[in-house]
Amino acid sequence: MYPIIDMEKTGLKLKIMLKVAGYDVKFVQEYLHLSCPQPIYR
């Protein structure tokens, strides 16, 4: 069985961790080779 993931809490935690590490949406977009930043916000 897979664990149940709370998407809202996970997103908030990721947002905080990225901010503390000094990363921004543009960096994550380039690192993941995404054409637009929309998937990051979702």
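Colleague: Leaving aside its neighbours within four places in sequence, which residues is Gln29 in contact with?

Modeller: Contact means heavy atoms within 4.5 Å. With neighbours within four places in sequence left aside, Gln29 is in contact with Leu34, Ser35, Cys36, Pro37 and Ile40. This is a predicted model, in which local features need pLDDT of at least 70, side-chain atom pairs count only at pLDDT 80 or more, and totals for chains, interfaces and linings use all residues. Residues are numbered from 1 along each chain as its sequence is written, and side-chain values use heavy atoms, with hydrogens and water left out.

Colleague: In which helix is Gln29 found?

Modeller: Helices are DSSP runs of H or I with at least four residues, numbered from the N terminus. Gln29 belongs to helix H2, residues 25–31, and Phe27 is found in helix H2 as well.

Colleague: Is Gln29 buried or exposed?

Modeller: Buried means under 20% relative accessible area, exposed over 50%, and partly exposed in between (1.4 Å probe, protein chains only). Gln29 counts as buried because its relative accessibility is 9%. Phe27, with a relative accessible area of 37%, is partly exposed.

Colleague: What is the distance between the backbone oxygen of Ser35 and a polar atom of the side chain of Gln29?

Modeller: That distance is 3.4 Å.

Definitions and conventions
Helix = DSSP H or I, 4+ residues; strand = E, 2+ residues; numbered from the N terminus. Polar contact = N/O pair within 3.5 Å; in protein donor to acceptor, adjacent residues only side chain to side chain.
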